Amino acid sequence: MVEFPPLRNDLLLRAARGEKTERAPVWIMRQAGRYLPEFRALRANHEFFEICRTPELATEITLQPIRRYSGLIDASIIFSDILVIPQAMGMEVLMNPGPSFPDPLNTPDDVSKLNQTVDVDKELGYVFQAITQTRIGLDGEVPLIGFCGAPWTLFAYMIEGGGSKTFTKAKMWLFKYPEESKALLLRIADVCVDFLVGQVKAGAQLLQIFDSWAGELSPHDFSLFSLPTLKHISSRVRARLSTQNIPQVPLTLFAKGANYALDELAKDSGYDVLGLDWCIDPSVAREIVQGKVALQGNMDPNVLYGGREAIESAVKRMCDEFKKGNNGEVGAWIANLGHGITPGVDPEDVRWFFECVHKYSARAKA
Ligand code: CP3
């Protein structure tokens, strides 16, 4: 492994390991994205997946929010997309402007069109290179997060061929071909494991798994189809890191909309941090997880359109919720939005969000 410059801000890693911190570390899902004029300027000359595949460009974009919000932001996340795994498995994915798959999986027979084996170093080595270059570029300012999509969310994209409101095709697979669905979900999970371990070797200091469509499943179907693959990923990643003598990194699971499963996820899914969307009060989530995991989230991203006062009162409320029953401390919590930031937000309002988190999450002075 490459030697990297020493880390100067470890708030994120401490909170992720369950430690109380002097204030909540903060970052934003999709923080390198279209709300930033510097992102749009670079994006005007490059296709989305071209940026993902060019380590210099991915590094530059990952660093944009870190430079702009230096001193206010506590983590970077590698610029890439969850859909690089379906690409590595042999599927074509376009971004125009949302993701679309010209040739989705219609029936289990189509699974034979996928690559039999996936060599992540060959197919996704560009992500590993981007991670290593970004770690060097960060010069220890903040930690770097690696990520991948969760099997159920990727399965849904691969079958629907893009976003969906009803998930009819993906769910048809679950209910009509349950065994074939489980086999494909596990196959995706194995690629996730290889990809995540490779990201840690390349320099990722925390890993986040995005199960963006978890909330589309009933609790029963989540336990049957998604949870086993999420456990498979956490246990295999940890085992592989340990047999290869690579230091462990914290694992975060963001299962959007799966607040119904918080109890089960906190008990034994193998994740250190659970991401919350805005549909649950932090104090309720804390009560459910009983200190077994750290929490991340959860302001509604649309509050960022509400102006300074609305942002300040929502952040204050969120911090007060995390402090409830906690001696005036926010505890092991990573401040974030409850989902990704959207393109129309004013970057100065994002700065204000960060400033408010610093102010209201700070431990009360004795
Ligand atoms: O968070 C970050 O800054 C890191 C980069 C990142 C992107 N996508 C960049 C991106 C991450 C972590 C993702 C994850 C991702 N991608 C998810 C999981 C999180 C979530 O939002 O639920 C999902 C579902 C995708 C798939 C995807 N990629 C969609 C649905 C879209 C289009 C809609 C949208 O929100 O923009 C993308 C494109 C995408 N991924 C963009 C960015 C910056 C915008 C594309 C552009 O520049 O045109």
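These are my notebook entries on what I looked up in this predicted model.

**Ground rules**

I number residues from 1 along each chain as its sequence is written. Because the model is predicted, I take local features only at pLDDT of at least 70 and side-chain atom pairs only at pLDDT 80 or more, while totals for chains, interfaces and linings use all residues, and side-chain values use heavy atoms, without hydrogens and water.

**Entry 1: cysteines**

I looked for disulfides, meaning pairs of cysteine sulfur atoms within 2.5 Å. A disulfide is a covalent bond between the sulfur atoms of two cysteines. I found zero in the structure.

Cys 319 is in no disulfide either, and its nearest cysteine sulfur, in Cys 356, is 8.7 Å away.

I also checked burial, where buried means under 20% relative accessible area, exposed over 50%, and partly exposed in between (1.4 Å probe, protein chains only). Cys 192 is buried at 0%. Cys 319 is buried at 0% too.

Helices (H or I, at least four residues) and strands (E, at least two) are DSSP runs, numbered from the N terminus.

I then listed the contacts of Phe 353, a contact being heavy atoms within 4.5 Å. Leaving out residues up to four places away in sequence, Phe 353 touches, among others, Val 26, Ile 28, Met 299, Leu 304 and Asn 336.

**Entry 2: the ligand**

A polar side-chain atom of Arg 34 is 2.2 Å from one. For an N or O atom in the side chain of Arg 43 the distance is 2.7 Å. A polar backbone atom of Ala 32 lies 3.3 Å from a ligand oxygen. The ligand exposes 860 Å² when taken alone, and the protein buries 88% of that; the areas come from the Shrake-Rupley method with a 1.4 Å probe, and for residues only the protein chains shown count as cover.

**Entry 3: Thr 134**

Thr 134 sits in helix α7 (residues 125-138). Thr 134 is buried, at 0% relative accessible area. Beyond four places in sequence, its contacts are Thr 59, Thr 62, Leu 63, Ile 78 and Leu 144.

**Entry 4: the loop between β5 and α11**

I looked at two residues in this loop, which runs between β5 (206-211) and α11 (219-243): Ala 214 and Ser 218. Are they buried or exposed? Ala 214 is buried at 0% relative accessibility, and Ser 218 is partly exposed at 30%.

Ala 214 is 62 residues from Trp 152 in sequence, with 7.4 Å between their C-alpha atoms. Ala 214 also touches Trp 152, and its other contacts include Thr 153, Phe 222 and Tyr 260.

Ser 218 is 42 residues from Tyr 260 in sequence and 8.9 Å away, C-alpha to C-alpha. The side chains of Ser 218 and Asp 221 make a polar contact of 3.0 Å. A polar contact is a pair of N or O atoms within 3.5 Å; within protein, one must be able to donate a hydrogen and the other to accept it, and residues adjacent in sequence count only if both atoms are side-chain atoms.
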